[in-house]
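Here's a quick briefing to read alongside the model. Have the coordinates open as you go.

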Amino acid sequence: MTSEMITAAAAGAWRLGDLDVNRIGFGAMRLTGSAAFHLGTPSDRDRSIAVLRRAIELGVDHIDTAAFYFSSLRSANELINSALAPYADELVIVTKVGPYRDYAGEWGTPARPDQLRSHVEENLRQLGRDHLDVVNLRRMGQDSIAEHFGALAELRDAGLIRHLGVSGVEPRHLAEARAIAPVVCVQNRYGLGSTDPGTDELLRICGDLGIAFVPFFAIAGTGGARGPGGTDGSAGDADDEVLAVARAHGATPAQIRLAWTLRQGPHVLAIPGTGNPDHLTENVAAGALRLTDDEVAQLDAVHRPGE
């Protein structure tokens, strides 16, 4: 079977609250330009719209986006609205709130709890929806997220949000949120070479609780990507190991990174993003890769050195 024939269903499915999604989704951040946010050059609008429509054709039913995903000429939410509205009933759109960028694209002060409603409403306006399927609260260094998460729980009760998640958190923040309202997903930086024991613990906790763990930058190699959380880059030591496994499967390193990520548990989703239709096809096809136990152990040794 060629990559062009493989759909997102090959990765299996998971449930976000009462919403079933394929474990391979799509991250919208790179739709807007050659680099994240205001970096690089703006994307070709028609090509970005074509990528979104092709993702749906390939069975992607879970798109991750945010109102602060924009470049000088492109808005990810506007592209999603233009390409996919009216939205299919089975399409789940996940947004995140908390960080803030001004009209010049510069990062501003993160939202206070009383400002989160305006963040939610801006996502609703841009996407052309009357509710948001899932909203992640992106922690921006707060010691406690209770007040912010409580504000989103009120918007959930008001019907503006269907389900809630958290992002950039530690285990204690997840516990704090769950004491306020149900949490259906946790979105943290995670991938080969990202060696944070706390996030490994969080992944395990999510599995025990039946909560989706949704890593971002899962396929970032050396050099990574920039965002409100800083930089992400996989350790150079991982590259040779990844390349060796990739050659054995006739796959790309990015596909191996995705396949390894999905092997971390049935509750792990992937949201690789791209503005390139060929890369989109490769990313979706990674859901059909089946790494051997020995290959997983080989890559685990890179991810968790010394164990």
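This is a predicted model: local features need pLDDT of at least 70, side-chain atom pairs count only at pLDDT 80 or more; totals for chains, interfaces and linings use all residues.

Residues are numbered from 1 along each chain as its sequence is written, and side-chain values use heavy atoms, with hydrogens and water left out.

**Whole chain**
- The protein chain has 10 helices and 11 strands (DSSP runs of H or I, at least four residues, and of E, at least two, numbered from the N terminus).
- Its C-alpha trace spans about 50 × 45 × 35 Å along the principal axes.
- Of the 307 residues, 53% count as buried (under 20% relative accessible area, 1.4 Å probe, protein chains only).
- Take contacts (heavy atoms within 4.5 Å) between residues at least 6 apart in sequence: 73% of them join residues at least 24 apart.

**Strand E7**
- Strand E7 (residues 161-167) has 6 of its 7 residues buried, so the rest of the structure largely encloses it.

**E7 and its partners**
- E6 (residues 132-138) runs parallel to E7, with 6 bridges between them (strands pair if DSSP finds at least two bridges); Val 135 sits opposite Leu 164 in E7.
- E8 (residues 185-187) also runs parallel to E7, through 3 bridges, and Val 166 faces Val 186 in E8.

**Crossovers**
- E6, helix H4 (residues 146-157) and E7 form a right-handed β-α-β unit (with the strands pointing away from the viewer, the path from the first strand over the helix to the second runs clockwise).
- E7, helix H5 (residues 171-178) and E8 form a right-handed β-α-β unit too.

Conventions: Buried means under 20% relative accessible area, exposed over 50%, partly exposed in between (1.4 Å probe, protein chains only).
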